[in-house]
Structures are given as structure tokens and as C-alpha cells.
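Hi everyone, thanks for making time.

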Amino acid sequence: MASSVQAQLLQTRPFQFRSSSSARPTSLRCICSAAAPSTKRSYSITLLPGDGIGPEVVSVAKDVLLLAGSLHGIKLDFQEKLLGGAALDATGVPLPDDTLSVAKQSDAVLLGAIGGYKWDKNEKHLKPETGLLQLREGLQVFANLRPAKVFPQLVDASTLKREVAEGVDLMVVRELTGGIYFGKPRGFGTNEHGDEIGFNTEIYAAHEVDRIARVAFNIARKRGGKLCSVDKANVLEASMFWRKRVLALAEEYSDVELSHMYVDNASMQLIRYPKQFDTIVTNNIFGDILSDEASMITGSIGMLPSASLGDSGPGLFEPIHGSAPDIAGQDKANPFATVLSAAMLLRYGLGEEKVADRIESAVLETLNKGFRTADIYSAGTKLVGCKQLGEEILKSVESHVPAAAAV
Ligand SMILES: NC(=O)c1ccc[n+]([C@@H]2O[C@H](COP(=O)([O-])OP(=O)(O)OC[C@H]3O[C@@H](n4cnc5c(N)ncnc54)[C@H](O)[C@@H]3O)[C@@H](O)[C@H]2O)c1
């Protein structure tokens with residue numbers, strides 16, 4: 001039987017800008033109890049601004065959420081908590097207990113980014129990134145949805161030729177709580193030759209592969225009906241096992257066209273002919289790398305949102321970029337990825353489709369008006385900073401041009 005996440009994904013095409021959806025069940029929390037849009041009008045959101053540009057982009061997304069929510073009669077209560085380097089500096093740990101406990105009790109979590117040069121040399125358990133991994137594990141969000149869609153207005157911002165980039169619309173479904181990032185044994189030691197070593201373990205249990213594959217099959221079914229499972233089954237036992245489980249599940253999804261690709265080839269094909277992909281499912285580490293690569297097709301990592309969902313409890317919504325210490329504090333960050341993550345929060349986390357549609361339309365309208373941060377700037381457009389772009393998005397939220405008309 002389909003789990004709650006899958007039940008939801010069966011009913012909505014993720015990250016679709018053009019269609020204004022009719023009433024459909026979308027909230028991870030809602031679908032845990034009822035297959036209906038949310039009737040709740042008040043939500044608690046945990047904000048984790050984090051480090052670097054995190055606070056700058058989260059501040060924009062918070063204002064956008066507040067305005068869009070209020071225009072639809074929704075009350076949002078924000079609780080801001082520490083994560084990453086900011087938490088290390090204030091409390092000595094990258095994920096304070098208080099942060100995890102407040103996040104777990106909220107309806108959804110919006111994260112900026114964590115990390116920075118200052119903490120790069122810390123021991124592993126005192127690195128900002130450790131806090132993020134602990135958060136994902138603590139919230140048990142095993143399915144990471146990373147859409148990569150080329151906005152018509154930004155085709156020329158892509159480093160690929162226009163004919164290669166135009167029309168790309170793919171979804172990377174990354175397994176998020178297993179594989180080599182969590183596998184044991186791991187650590188440092190000395191080998192039989194007396195050489196120092198570092199080692200990790202790529203390991204997947206059947207239920208971990210099955211649940212992420214089901215999510216991906218269901219997403220593919222609602223998108224273009226094509227699923228490409230990426231692995232390294234020519235070398236790695238963990239990948240051979242991954243492929244075996246995905247193949248076995250395919251019998252339940254005869255309407256989805258399943259293919260398999262080795263990760264080295266997939267990384268090449270993403271640049272050569274990205275339009276061949278509809279939905280990609282892959283493990284934690286390959287998904288991490290391939291989704292960053294896919295982001296560049298779209299022009300900037302500053303455009304891409306993500307949603308991380310589990311079977312129950314709040315989802316975690318965050319841009320796929322990091323804390324960008326090279327531009328932090330300079331008002332240069334592109335807030336679109338975080339604003340679009342806020343839209344995913346509304347759609348997948350709260351079941352508030354209309355508010356999500358409104359925010360996505362506002363992003364398109366702001367692009368149509370020509371406003372750009374430096375990372376997506378091209379001649380003839382208007383270069384603005386993070387704050388001004390935020391103000392322009394707010395104006396578009398207020399005026400609300402429906403997405404279909406905006407593109
Ligand atoms: N989820 C996360 O919080 C996350 C993800 C990746 C990296 N990190 C951390 O972030 C730090 C920096 O990592 P990195 O440099 O490899 O990756 P990054 O994503 O922070 O930056 C890569 C490049 O993209 C640019 N960039 C990123 N986001 C942007 C935005 N919104 N607008 C404009 N330009 C943007 C940066 O200026 C930089 O040139 C490290 O400490 C890393 O561990 C955190």
C-alpha cells in the first residue's frame with residue numbers, strides 16, 4: 001500500500017508553475033491523516049537561517065511567506081532557531097537539542113544554509129555540516145526532491161547552449177538519510193602497511209531503496225512518465241542491490257518507463273542532452289553531486305529549491321545552495337531559491353496550494369520585469385541586490401499575475 005508521502009505524490013505534479021491546481025491533497029502532514037487540502041489556517045514554521053547568506057535569503061522568504069499567507073487568510077507563526085556555525089558559536093554544538101525539538105513540533109521547517117571558512121577546520125562532530133545531517137536524520141526526511149527547471153527568462157544565463165538548455169524540466173529524487181553519508185563502519189585508522197586511512201561505507205537496506213524508489217516512481221508517473229535510476233552497478237555491490245530492488249518494484253509501475261544509467265554516464269548526459277531526463281532517482285552521494293550539476297543547466301544554483309519529506313512529521317525546505325561565504329553580507333545573494341523553497345513548503349508541507357501558486361507566479365513576474373541578482377544578470381536586465389529583489393517579489397505577490405499569464 002502506498003505510504004502517505006506516496007499517496008500525496010500520486011496526486012500532484014511537483015513544482016509545476018503553469019497550472020493553477022484544483023483542490024488536491026498536497027500536504028505531507030495533511031496526507032498523514034486525510035486525503036484533502038488543509039483546512040487549518042494557522043501554522044508554526046521553524047526558521048533556520050544558518051550561516052553566510054542564509055540569514056539574507058531566509059529574511060526575504062519570511063516576508064514573502066507572511067505577505068502571501070496573509071493575503072489568503074493564513075496565519076504563520078515563526079520560531080527562529082540556531083543551526084550550523086551560528087549554533088556552534090552560541091552553544092558549542094551544530095544542532096542544539098532545542099532546535100531539533102522545536103523543528104519536530106512545528107508544521108514545517110525552512111532552512112537557509114550552513115557552513116563557512118571559520119569552522120572548516122573543526123573536528124567532524126563540530127562541523128556545521130554535521131548539524132545539517134543530524135537535522136535531516138532527526139526529522140527522518142528520507143526523500144529529497146530537487147527540481148531543475150530552466151526558466152524561459154533565464155535560458156541565456158545557462159552555461160549550456162540555448163538549444164541544449166531550453167525546455168529542461170527534470171526532477172532529481174535523492175535518497176537523503178542513508179548510504180555513504182551515514183553508513184558504518186566509518187572513520188580513520190591505519191592499514192596493514194602502516195598507512196593512515198580514512199574510510200566510509202556505502203550501504204542500503206531493502207526498505208530504504210524501496211521507499212525512495214516508490215516516491216520516485218510516483219513522481220515520474222505524474223510528470224513525463226520516465227524514471228532513470230542512477231547507480232554504479234558495474235562496480236559497487238550497494239549499487240547492484242539498489243538496481244535489483246528498483247527493477248523488482250518496476251513491475252508495480254508498468255506505466256512508468258524505467259531506465260538505468262551509471263553515474264559517470266549520467267553526469268555526462270546531463271550536460272550533453274539534459275532534456276532526455278524526466279525524473280531521476282539516485283542514492284545520497286550521487287544525488288548530491290548530480291543535483292548540483294543539474295542546477296547549473298538552469299543558470300544559477302541560486303534558483304533551485306528543494307523539499308525533503310518523510311513519512312510523517314514536518315518537511316524540511318531549503319535552497320540547494322550553500323552559505324556562499326564569498327558573497328555573504330554583501331547583499332549579492334539570489335533569494336529566489338529560498339523563496340521557491342518557501343513555495344514548496346506551502347505546497348508539500350502545508351497543503352496550501354493557492355498560496356504556493358501565488359509565490360511561484362510572483363517569482364515569474366519578477367523575472368519578467370527584468371530584475372536580476374548578479375548570478376543571473378545579463379545585458380538588458382536590471383541588476384539588483386538581495387534586499388531589493390525581495391521588495392520586487394513582494395510587489396509581485398501583492399499584484400498577483402497568474403503564472404500562466406506571467407510566462
Ligand atoms: N545545505 C547547505 O547548507 C549547504 C549546501 C552546500 C554547501 N554548504 C556549505 O556552504 C559553504 C560554501 O560551500 P560552496 O562554496 O561549495 O557552495 P555554495 O553553494 O555556498 O557556493 C558555490 C558558488 O555559488 C554561489 N552561490 C551560491 N548560492 C548563491 C546564491 N543564492 N546567490 C548567488 N550566488 C550563489 C557562491 O557565491 C559560490 O560562488 C561550505 O561551508 C559548505 O559546506 C552548505
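This is a predicted model: local features need pLDDT of at least 70, side-chain atom pairs count only at pLDDT 80 or more; totals for chains, interfaces and linings use all residues.

Let's begin at strand β10, residues 279-282. Which way do its residues point? Thr-279 and Val-281 face one way, while Ile-280 and Thr-282 face the other, and all of them are buried.

Now for the partners of β10. Strand β5, residues 169-175, pairs with β10 in the parallel sense over four bridges. If you want a spot to look at, find Val-173, whose bridge partner in β10 is Val-281. Strand β8, residues 226-231, also runs parallel to β10, and four bridges join the two. There, Val-230 stands opposite Thr-282 of β10.

On to the helices. Helix α6 covers residues 128-139, and its twelve residues reach 17 Å from first C-alpha to last, close to the expected 16 Å. Several of its residues are buried, among them Leu-132, Leu-135, Arg-136 and Leu-139. What do the buried residues of α6 pack against? Their neighbours are the helices α4 and α5 and the strands β3, β11 and β12.

Finally, helix α8, residues 206-222. Its 17 residues should span 24 Å at 1.5 Å a residue, and the end C-alpha atoms are 25 Å apart, so the two values agree.

Technical notes
Residues are numbered from 1 along each chain as its sequence is written. A residue is buried if 20 or more other C-beta atoms lie within 10 Å of its own, exposed if 12 or fewer, and partly exposed in between; C-beta atoms are placed from the backbone. Two strands pair if DSSP finds at least two bridges between them. The expected span of a helix is 1.5 Å times one less than its number of residues. Two residues are in contact if their C-beta atoms, placed from the backbone, lie within 7 Å.
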